Amino acid sequence: FCCVFLLGTTISEPVLLSLPRNVVQGSARVYFSVIGDILGTALRNMENLLHMPYGCGEQNMALFTPNIYVLDYLNKTGQLTEEIKVKSIWYLTTGYQKQLSYKHQDGSYSSFGTRDKEGNVWLTAFVYKSFAQARRYIYIDENVQSQTLIWLARKQKSDGCFENAESHFNNALKVIEFRILSNFQSCHCGMNCLETAFSNGVHNLYNYALFAYVYGLADKQERYQYFLEKLDQRATRNDGSVYWQRENKPPAEHFPAFYSRAPSAEIEMTSYVLLALLNKAKLTPDDLSYISRIVYWLVKQQNPYGGFSSSQDTVVALQALAQYGYLTFSKESSNTIKVNFMGIPNKAFQVNDNNRFLLQQTSLPIVPGNYSVEVDGTGCVYMQTTLRYNIHLPKKAAGFFLSVESANVSCTSNFPPKFDLVFTNFSHFSYTGNRNVSNMAIVDVKMLSGFNPDRSSLKKLQYQPSVVDHVDIKNDHIFFYLQKVGLEVFSLVFVEQSLPVSDIKPAPVHIYDYYETDEYAFAEYKTPCLPPSN
């Protein structure tokens with residue numbers, strides 16, 4: 001992200017590309033891309049914003065709501081074309097219909113619909129607010145909305161707070177009434193609840209960010225300024241960026257210098273601070289400079305598709321970037337971007353108002369390598385270097401312990417090999433992080449070459465008493481959604497060989513916390529059946 005405000009000024013930034021020690025030789029490839037609009041990359045990839053599974057109600061909303069922010073932004077800036085409008089409305093309509101499948105008969109919503117015992121307060125409020133916003137673009141059944149609002153009203157206690165009848169998967173969101181208030185921006189009935197919580201003390205940065213945002217929406221200036229000052233005192237300032245980090249975060253694994261992807265919770269927290277700052281009635285030049293340093297950090301956390309690490313950080317960050325984009329929008333932009341390798345010009349791009357949504361991309365010739373990017377002209381451009389490579393399975397873990405065993409092995413010559421993958425007890429599968437249990441976790445099982453999962457066993461797994469709430473199959477991966485990981489005991493996937501393959505390599509299994517993606521563990525498994533002799 002780079003903005004040039006004075007004509008004749010050239011801004012240069014180094015791009016140092018290095019590889020980890022456990023890289024698979026010859027697997028690295030690197031691309032440099034540039035686009036002229038802050039939401040340009042997200043706009044081109046609305047169906048692929050999440051670089052992770054999205055098979056539950058919350059994740060569906062993470063793909064639904066950014067379309068509203070994009071349409072609002074393009075409308076306000078006069079850039080909405082009929083092609084973009086038709087495509088975005090189709091995504092909204094499809095997402096709306098899918099979200100209704102997660103609705104309970106009482107009008108509430110939950111991550112897995114009627115598979116859950118009851119609706120979730122936070123998700124229901126989020127859906128209600130998003131559908132109310134989407135009404136500007138698509139048909140929303142007002143009878144359904146009224147039913148949802150009645151359900152929420154029944155969950156509100158006399159002090160203005162809301163019952164949290166069932167803990168949401170993201171256990172870090174401890175103060176649900178703040179979130180509800182932020183989603184009902186015209187509702188003042190929760191202020192008593194907020195004041196009570198304030199008097200009891202606010203002790204972590206995430207809640208500081210939420211308080212600042214909510215008090216700004218409620219136009220409570222004294223409290224709003226108080227939390228902004230607290231946040232500024234505890235901000236992390238590094239290399240021209242401003243952002244906020246969690247307290248007591250898990251020890252971070254060392255990545256090469258180019259890698260700066262932050263955990264989901266920190267992206268979400270920083271985005272709420274940005275939203276809070278953008279709520280100021282009048283922004284001074286110092287405010288804008290401060291905000292631009294937050295945006296500079298935030299856009300560095302985007303994945304190659306314009307989304308972020310998880311679902312909620314993607315929703316909040318794109319909302320914040322859309323507001324910032326509208327605030328700083330200019331039709332008088334024209335920039336030349338040059339990519340240099342070892343000081344020698346390698347590639348040049350032109351970005352102006354006529355091609356601001358055109359994604360321009362080139363592959364870079366050598367990695368590892370020392371590159372630099374030069375920008376001159378006027379206006380802002382958004383640049384991204386995407387380095388992809390394969391690695392040998394890492395042995396490090398943080399927050400989880402994982403190992404895999406095979407059981408019920410059938411290796412007879414008359415039938416294809418078949419066996420179960422089992423996570424048997426605490427010694428093989430457990431959460432070891434800072435909390436009693438994890439948030440929602442994903443287990444990603446890659447199939448061995450030539451093997452397929454037994455689909456009937458997967459369906460059975462979902463309907464027996466288990467911590468497995470949902471199963472997705474995508475390409476040669478199976479994704480298991482676990483509402484939490486504590487000390488549970490269960491077997492997972494049953495696989496059988498469908499094609500004869502020689503020299504079958506081990507396949508990885510990856511478990512990670514959906515909201516705290518820096519909590520993870522890896523394991524691998526191999527076929528227990530010896531290949532037939534020639």
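Residues are numbered from 1 along each chain as its sequence is written, and side-chain values use heavy atoms, with hydrogens and water left out. Because the model is predicted, local features need pLDDT of at least 70 and side-chain atom pairs count only at pLDDT 80 or more, whereas totals for chains, interfaces and linings use all residues.

One disulfide, defined as a pair of cysteine sulfur atoms within 2.5 Å, is present in the structure. The bond joins Cys411 to Cys529, with an S to S distance of 1.9 Å. The link of Cys411 and Cys529 is left-handed, with -75° about the S-S bond. Residues are termed buried under 20% relative accessible area, exposed over 50%, and partly exposed in between (1.4 Å probe, protein chains only). Cys411 is partly exposed at 40%, while Cys529 is buried at 9% relative accessibility. Two further cysteines are also buried: Cys2 at 6% relative accessibility and Cys56 at 0%.

Helix α8 (residues 205-217) contains Leu217, which is partly exposed with a relative accessible area of 23%. Between Leu217 and Ala276 the C-alpha to C-alpha distance is 8.1 Å, although the two are 59 residues apart in sequence.

Helix α11 (residues 285-299) has 15 residues and reaches 21 Å from its first C-alpha to its last, close to the 21 Å expected at 1.5 Å a residue; the expected span is 1.5 Å times one less than the number of residues. Among the buried residues of α11 are Asp287, Tyr290, Trp297 and Val299. The elements that cover the buried residues of α11 include β2 (10-17), α9 (221-233) and α12 (311-328).

In strand β17 (residues 477-482), five of the six residues are buried. Two strands pair if DSSP finds at least two bridges between them. Strand β14 (residues 441-446) runs antiparallel to β17 and is joined to it by six bridges, with Ile442 partnered by Tyr481 of β17. Strand β16 (residues 468-474) likewise pairs with β17 in the antiparallel sense over six bridges, and Asp472 has Phe479 of β17 as its bridge partner. β16 and β17 form a hairpin with two residues between them, and Asn475 in the turn has a positive phi of about 55°.

Conventions: Helix = DSSP H or I, 4+ residues; strand = E, 2+ residues; numbered from the N terminus. Contact = heavy atoms within 4.5 Å.
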